[in-house]
Structures are given as structure tokens and as C-alpha cells.
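Subject: Structure handover

Hello,

Here is the structure I promised to pass on. Please open it first, then read the notes below.

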Amino acid sequence: MRRSRFTWLPILLIIALLLILPKLVSEYRLNLVITMMIYSIFALSYNMLFGQGGLLSFGHAAYFGFGAYATVILIKHFSLSLPMGILIGGLAGAFLGVTFGVFVVRMRGVSFALLTLAFNQLIYVTAEKWRTVTGGEDGIAFMRPNLHLGGWEIDLWATLNWYYFVLLVTVICIGCLWYLTLTPLGRLNLCMRENEERASFIGFNTYASRLLIYTLAGFFAGVAGGLAAAFQEFVTTTFINLDKATDVLMMTFIGGGGTFFGPVIGACALTLVNDLLSSWIERWAIVQGGLFILLVLYAPNGLSGIYLSLREQWDKRKRGEQPS
Amino acid sequence: MSRSGILLDIQGLYKDFRGVEVINNLTLCVRKGERHAIIGPNGAGKTTFFNLITGRYTPSRGTISFEGRPISGMAPHRINRMGISRSFQITNIFPGLSVLENIRSAILSKKGIRWSFRRRVSAMADVNRETLDVLKLIGLDTQHHLLAGSLDYGAQRALEIGISLATDPKMIMLDEPTAGMSIEETRDIVSMIDRTTKGKALLIIEHDMDVVFSLADTISVIHYGTVLASGPPDVISNDPKVKEAYLGEDKAC
């Protein structure tokens with residue numbers, strides 16, 4: 001119901017701003033925005049499980065990393081185009097999602113969290129040890145291929161072109177994720193968060209539905225991973241490690257899982273804070289951890305939750321002043 | 001008795017929990033359109049009996065058939081799709097979603113719209129119209145935008161029944177729908193149940209004998225996990241076994 005207030009205008013304004021952004025900011029800042037967009041997709045895919053589904057996963061980096069490796073390895077060995085490589089990254093994430101999902105979506109609460117963590121570590125250790133394929137800790141470097149559209153060749157190495165490419169993929173992904181929340185499956189996800197047992201007693205196969213949602217979350221995490229690898233022209237075990245798994249949790253939590261765009265705010269905030277603090281303070285991770293603790297204690301619904309409660313208070317005051 | 005009119009057929013049902021027999025050789029039939037009340041003292045196994053029919057538990061022994069097809073051991077969602085819908089003794093709704101969404105989810109399920117991606121739910125005119133019809137039927141149409149968890153107790157109980165009704169079952173099972181309600185709330189909900197379940201088979205667990213007599217045409221008394229007596233209300237109320245086992249001990253309601 002809350003979304004009814006949410007008109008298209010702010011979205012169009014933000015997209016317009018993003019379109020003219022290269023005129024406004026430096027290349028360094030543009031790269032920062034690219035990072036924000038990629039992490040936005042990652043955090044939104046995570047929020048399908050966390051905010052919308054009520055499942056706390058500690059292993060979402062597995063799908064991000066698996067997608068990244070798939071994109072890099074396939075582009076390198078089969079000279080795929082970049083869109084195809086990223087799509088395959090998504091499909092790899094979905095494949096891993098359905099494979100692990102068969103086991104994890106049976107679980108709830110602590111068991112779910114621990115099993116996702118265990119599967120994440122499984123993929124992490126595999127990437128670290130299977131050197132012939134993954135390059136171990138050294139990772140794999142590759143060249144971001146150019147984009148061929150009809151007779152045109154677009155140089156994606158140029159930051160400007162690459163920025164627009166990532167923007168396009170991000171808008172498509174976020175659009176799909178948003179639309180998904182409005183479809184029957186997206187509404188069912190909320191029902192299962194609220195009361196999974198009741199959902200099954202009105203005729204929904206909650207296990208299969210959870211599995212499908214888990215797979216879709218894996219797909220979008222894989223797309224984000226593929227994009228991130230193409231951005232850095234490199235993939236290594238840091239794409240799958242626990243830091244990555246907790247980063248996405250933090251982004252979602254900081255932004256707030258209760259609203260659709262909360263995780264986007266979190267992804268932007270964390271990227272920005274990391275960038276600012278890391279140039280000022282050597283041990284910025286401590287500050288980041290401190291901020292996170294403060295949010296958990298005093299704003300459990302994240303930044304978007306703070307915004308919503310402020311708006312509610314504002315509304316109340318306005319109504320109080322001018323009773324109609 | 002003719003087998004043709006029988007909707008639900010339960011034969012020799014047993015359920016034990018770690019050696020404790022909660023349901024013990026229970027046999028019971030529900031005909032099409034029958035209004036069947038289940039009564040019995042606390043701990044007699046009434047809710048366990050409901051849980052066995054609706055797939056929350058698997059029977060230890062015995063058969064449950066619905067429209068001639070065995071359903072014992074099936075998953076709850078499959079049993080619901082065959083036409084059995086239930087409400088719960090402890091209010092079991094989607095508290096963080098709007099009242100409208102609570103009912104709409106059941107309507108979507110009934111229509112088999114579960115994983116469709118073609119349209120937004122808000123654009124499905126037929127779904128939303130049917131949702132509104134159910135909301136009017138249970139008297140919550142003016143409160144459709146409120147969060148279900150914020151409703152008062154009586155309204156939550158009505159919503160609970162509304163969710164069960166919205167899947168348009170052939171048989172509806174209500175587990176103590178008036179539990180914890182005031183006299184006025186009870187009167188309202190009973191007339192609502194009577195209105196909304198017309199033509200459907202109704203299986204209702206109830207302690208309040210006024211409610212039982214106003215809704216049911218058949219009463220079965222469950223005692224120690226088995227059916228002690230079954231028949232029309234006037235026969236049951238004069239049955240000496242029933243008086244001794246049930247009415248004698250637990251007349252408080």
C-alpha cells in the first residue's frame with residue numbers, strides 16, 4: 001500500500017541524473033558509481049531472501065563469485081561477447097542456486113544461516129584449491145571484450161562507454177527485480193515471510209516456491225558477479241570470501257530490507273563510506289563495524305526505516321496542525 | 001448408508017506420538033453439504049484429528065479419503081487444492097501484510113495463479129474483484145488497507161475464516177472459530193459462518209454448545225481419540241454415554 005505514494009517521477013529523475021552524470025563528475029567518481037550500481041544489483045538479489053523472504057543467508061557471495069568465475073572463464077576460453085558472458089554468469093548463479101537451494105530452503109532460521117555459510121565456504125575452498133581452473137589465490141585476469149552491435153564496435157575499455165553499459169544492465173536488472181515483487185510469486189514471497197505454514201494450507205507449494213526464489217536470487221547475484229569481474233577485469237577468491245558474504249548483508253541491513261530500494265541506499269552508502277574512510281583512516285573497517293553496530297541497536301530497519309519513521313512523524317505533525 | 005454422497009471418509013484412523021495414542025481407531029464420514037460439529041473434552045484429540053486430515057501430521061494407521069481418493073500423508077498444499085480448507089484455533093494469518101493481501105493470496109492460489117510472471121497482481125481485475133467480494137462477505141471491506149496484525153481480535157478471527165473461505169473449498173474445517181470471543185463477537189461470527197459456508201460441507205470443532213446447535217445438523221463426540229457417538233443434535237444431547245463422558249465433565253461452556 002505504501003508504494004502507491006511512490007510515483008514514477010523520482011525514478012525518472014534519478015535515471016536522468018545518471019544519464020548526464022558523466023558530464024558532472026570526474027572519472028574517479030564515475031567508477032565509484034559503477035561500483036554502487038553493481039552492488040545495488042547484488043544487494044537487491046540478497047533482499048529477495050532477506051527482506052522479502054525473511055531468510056538470513058550468510059552465503060550469498062557464493063552465487064556472486066560463481067557467476068564472476070563463470071563469466072571470466074567462459075569469455076576467456078570461448079571468446080564470448082560481454083553481454084553473453086554476463087548472462088552466463090547469471091545462469092551459473094541460478095544453477096548453483098538451484099543446486100544448493102534443494103538443501104538450504106528446507107531449513108529455517110539458524111540452520112538456514114549455517115548451511116548457506118557452509119556452502120559458501122565449500123565454493124570458496126574450491127576456488128582456492130582448484131588452481132588449474134580458477135588460478136587459486138592469484139585469480140584470473142582477462143580483457144573486457146568490446147561490444148559489437150550490428151556493424152558497430154563499442155570500446156568498453158573507455159570508462160564512459162563502460163559506465164553506460166553497466167547503467168543499462170543495472171536498470172534492466174532492477175526493473176526485473178521490482179516487477180518480480182509485484183507478480184504472484186513476489187507477493188507469495190512476502191506471505192511466506194509472514195507465515196509460511198499458512199501459505200501451504202491455502203494451497204501454495206512453499207518448498208518449490210522458496211526454491212524458485214532462491215534460484216532467481218542466485219541468478220541476479222551471478223549477474224552482479226559477472227559485472228564486477230568485468231569491471232575489475234579480474235576475478236579472485238575475494239569475490240567469494242566471507243567478507244563479500246557479510247558485505248551484502250550489511251548493505252541490505254544498513255539500507256533496510258523492508259523497502260524495495262533500501263538495499264540500493266545501503267549499497268551506495270557502504271561504497272561511499274568505504275571510499276571516504278579508507279583514504280582517511282587505515283583501519284576503517286573498525287569504524288564501519290561500529291556504524292553497523294549502532295544501526296543494529298538503534299535503527300533495525302536501516303536508513304530507509306529511519307526515513308519512513310521520520311516521514312510518519314512528519315505526517316502526524318502535519319495532520320495535528322491542520323485537522324481537516 | 002449410500003457411499004455416493006460421502007465427501008470425506010475416514011476409516012480406522014490411528015495417530016501416536018512416541019507411543020501415546022492420541023487418535024485411536026477413529027472412523028467418521030462427512031457427506032456433501034453436511035454441517036458436522038466435532039465436540040469433546042479438552043485433550044480428546046480434536047485438533048490432532050484436524051491436523052491429520054489437512055496434512056500437518058501423517059496418520060500412523062488408517063485411511064482418509066476425500067471424494068473417493070486417498071489423501072492421508074499428502075502435503076498440506078495438495079490437500080488444499082483437492083478442496084479442503086481449514087482455519088486454526090490460534091489465529092494464523094499474514095500479520096505484516098494488508099487485510100486485502102491476506103485474502104488475495106488465497107484467491108490467487110484458488111485460481112492457480114502461483115508462479116505466473118505475465119501480469120502484476122494489482123492489474124488482475126478478476127482477482128481483485130473476487131478479493132473484494134470475500135472482504136465484503138466477512139465484513140472487512142472497509143478495513144482492507146490495514147495491516148492484518150493491527151486488527152482487533154474479533155476481526156482477525158473473521159479474517160482467519162475469510163482466508164480459508166477464499167480458496168473456495170468443497171469442505172471447510174473450522175477449529176474453534178469463536179475461541180476467546182465475546183458474546184456479541186460470537187453471534188456475529190456464527191451468522192457470518194452460517195452465511196458464507198452455505199452449500200459447502202462444514203466440519204467445525206466447537207466448545208460453545210449454542211454455536212454447535214445453531215450451526216450443525218450432525219454432531220460427533222470425540223473422547224480419548226475415538227468417536228463416542230455420532231448423530232443428529234437431539235439424539236446426541238440425549239445420549240447417556242455422551243452425558244457421562246462429555247457434558248458431565250466439561251459443562252462450563
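**Two helix pairs**

The crossing of α2(A) and α7(A) is left-handed. (A crossing is left-handed if the near helix is turned anticlockwise from the far one by less than a right angle, and right-handed if clockwise.) Helices and strands here are DSSP runs, numbered from the N terminus: H or I of at least four residues for helices, E of at least two for strands.

Before going further, a word on the source: this is a predicted model, in which local features need pLDDT of at least 70 and side-chain atom pairs count only at pLDDT 80 or more, while totals for chains, interfaces and linings use all residues. Residues are numbered from 1 along each chain as its sequence is written, and chains are lettered from A and ligands numbered from 1 in the order in which they are written.

Back to the first pair. Helix α2 of chain A covers residues 27-49, and helix α7 of chain A covers residues 159-182. They pack at an angle of about 20°, with axes 10 Å apart. That makes α2(A) roughly parallel to α7(A). (Angles under 35 degrees count as roughly parallel, over 145 as roughly antiparallel, 65 to 115 as roughly perpendicular and the rest as oblique.) Axes are lines fitted to C-alpha atoms, for helices over the stretch in contact, and angles run from 0 to 180 degrees between N-to-C directions.

Residues of α2(A) in this contact include A:Leu30, A:Ile34 and A:Ile41. On α7(A), A:Tyr163, A:Val166 and A:Cys173 are among them. (Contact means C-beta atoms, placed from the backbone, within 7 Å.) By class, the contact of α2(A) with α7(A) has twelve nonpolar, four polar and one charged. (Ala, Val, Leu, Ile, Met, Phe, Trp, Tyr, Cys and Pro count as nonpolar, Asp, Glu, Lys and Arg as charged, and the others, Gly among them, as polar.)

Helix α5 (residues 153-166) and helix α6 (residues 183-196) of chain B pack at about 10°, with their axes 11 Å apart. That makes α5(B) roughly parallel to α6(B). Their crossing is right-handed. B:Ile161 and B:Leu165 of α5(B) are among the contact residues, as are B:Ile189 and B:Met192 of α6(B).

**Between the chains**

How many residues of chain A are in contact with chain B? There are 19, and they meet 29 residues of chain B. Helix α8 (residues 184-201) of chain A gives the largest share of chain A's side, eleven residues. That side has eleven nonpolar, five polar and three charged residues.

**Single residues**

A:Leu117 is in helix α5 (residues 109-129) of chain A. With 16 other C-beta atoms within 10 Å, A:Leu117 is partly exposed. (Buried means 20 or more such atoms, exposed 12 or fewer, partly exposed in between; C-beta atoms are placed from the backbone.) A:Leu117 and A:Ser57 are 60 residues apart along the chain, yet their C-alpha atoms are separated by 7.3 Å.

A:Ser79 lies in the loop between α3 (61-78) and α4 (82-104) of chain A. Its phi is near 50°, a positive value in a residue other than glycine. A:Ser79 is exposed, with 9 C-beta neighbours inside 10 Å.

**Confidence**

Chain A averages a pLDDT of 90, and 97% of the residues score at least 70. (pLDDT is the predictor's confidence in each residue, from 0 to 100.)

Best wishes

Note on methods. Two residues are in contact if their C-beta atoms, placed from the backbone, lie within 7 Å.
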